[in-house]
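Dear colleague,

Please find below the structure that I am handing over to you. My findings follow directly after it.

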Amino acid sequence: MNDFVFQSPTRFVFGRGYADRIGGEVAALGAKRALLVYGGGSVVRTGLLARVTVSLDAAGVGYVELGGVRPNPEVGLVRKGIELARREQVDLVLAVGGGSVIDTSKAIAFGTSYQGDVWDFFMRKATIGACLPIACVLTIPAAGSEASGSCVISNDELGLKKGVNGDVFRPRVAVLDPEVTFTLPQYQTAAGATDIICHICERFFSTAGPVPVTDNICCGIIRAVMDAATTVIATPDDYDARATIMWSGTLAHNDLCGCGRSSAPTKRAGGWESHGLEHEISAHRPEVAHGAGLAVILPAWMRYVWRANTERFLAFAKGVFDVEPVDQTDEATEDAITYAIDELQRFLVSLGMPRTLGDLGLSQDEVDGWLQTLRQNKGERFGELRPLTMEDARAIYLSAF
Ligand code: NZQ
Ligand code: ZN
């Protein structure tokens, strides 16, 4: 087991009907006036936004609203939010939504006290310093931003989607109320489950050897998500299944699943190859849900790299699908690993996720554009289990059509 530093400072408030508790939670942080950030309208339609404002009123916390965050959020609205936060002198940013809303809130929170342009942080031209406290009411288990030290924002003008990492902007409190996820469309539920599974796989497939405690947590969460996702596709208001997915999404990305698997104690475990490849797709095509892109890229990446570390892939096959090679031959190893990858893809497709990039309406003509920004983001080589050159990346993209 490699050395690690694990920090998950967020207070998680998890339960049925708990969305109504947000006011008290925010007041307990000492906030007097919040910037209330939300997305394209689902929280208005479901009545959640009204519940949140009632709760804030009851707790004596003032607020100013910023709606309209789009999926794969853009820096333009972040800039607008920073101006609003300054003008209104808010002392906390409250996200009511999913990863896109929470990431927008994070960027506003660390951009408000910086005099330059917030995009500087994403271009590594500035280091994040002061940050307003962030709270959230999560509405979709997927990105794990409610607990993660990541913030991912797109810049349409530059065709870039970039992330920054830091512990200072992990939310101080996350209210997780599984009932608010009953309204999720099947496609978003499925994309979320895919992202959760992928966050675990990115860490599981690091080059560290077996780490039984972490590996069992990883495979156990993946199995739980697979069972629960199958249940909610048939029964969207199954509370326990929704709750299982919601908590899994948090644990998948608060770094618990990487303890002992990272190459340096304060580095996130794994090479994040599938995320690196997917982010270019949703950067150029914001209409592609991050999880849906991953549903195609993750199996394609696995098929391309498994020979580089058969031990890890056999551990995955055994831990998630209880499959082992029938004997010690290379052929049996390949059969077991291929079976596991096929099963994973079959499962994702069964939820309604695409099998190919063509299913997402993408064309091979777009690959060069993705590679251009991938090179800008990652350099000539990236990844860990099997470092990928730009030609490898091209081959993976093309294999996914
Ligand atoms: O915008 P509204 O109208 O609210 O609708 C949203 C949106 O269309 C809808 N939705 C959310 N909760 C709902 C609901 N509809 C009905 N009922 C509900 N309860 O779902 C759609 C997707 O929302 P979004 O926030 O975009 O989803 P997700 O949580 O998957 O976030 C995706 C973004 O997070 C980034 C992704 O790249 C992408 O930009 N990521 C952030 C990470 C992080 N910060 O740690 C890590 C991830 O790997 C990921 O990269
Ligand atoms: Zn993700």
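Val213 is partly exposed, since its relative accessible area is 45%, a value between the limits of 20% for buried and 50% for exposed. Please note that the model is a predicted one. Val213 belongs to helix α8, which covers residues 212-234. Together with Met1, Phe4 and Phe6, Val213 forms a nonpolar patch on the surface. The accessible area of these four residues together is about 390 Å².

The zinc ion (ligand 2) is coordinated by Asp195 through OD and by His199, His275 and His290 through NE2, at 2.0 to 2.2 Å. The sequence spacing of these donor residues is D-x3-H-x75-H-x14-H. Distant parts of the chain are linked by the pair His199 and His275, which are 76 residues apart. His199 is located in helix α7 (residues 186-204), whereas His275 is located in helix α10 (residues 273-284).

Both of these histidines count as buried, because the relative accessible area is 2% for His199 and 6% for His275, and the cut-off for buried is under 20%.

Finally, there is an annotation to report. An unreviewed UniProt entry places the feature "domain: Fe-containing alcohol dehydrogenase-like C-terminal" at residues 189-400. In the model, the chain over residues 189-400 is 65% helix and 2% strand.

Yours sincerely

Conventions
Residues are numbered from 1 along each chain as its sequence is written. Chains are lettered from A and ligands numbered from 1 in the order in which they are written. This is a predicted model: local features need pLDDT of at least 70, side-chain atom pairs count only at pLDDT 80 or more; totals for chains, interfaces and linings use all residues. Side-chain values use heavy atoms; hydrogens and water are left out. Patches are made of residues with over 30% relative accessible area and no salt bridge: like charges are joined within 9 Å, nonpolar side chains (Val, Leu, Ile, Met, Phe, Trp, Tyr) within 5 Å. Accessible areas come from the Shrake-Rupley method with a 1.4 Å probe; for residues, only the protein chains shown count as cover. A salt bridge is a side-chain nitrogen of Lys or Arg within 4 Å of a carboxyl oxygen of Asp or Glu. Helices (H or I, at least four residues) and strands (E, at least two) are DSSP runs, numbered from the N terminus. Buried means under 20% relative accessible area, exposed over 50%, partly exposed in between (1.4 Å probe, protein chains only). UniProt positions are given in the numbering used here, feature names are shortened, and annotations may be inferred rather than shown by experiment. Donors are N, O and S atoms within 2.8 Å of the metal (3.2 Å for Na, K and Ca); water is not among the atoms, so sites may look incomplete.
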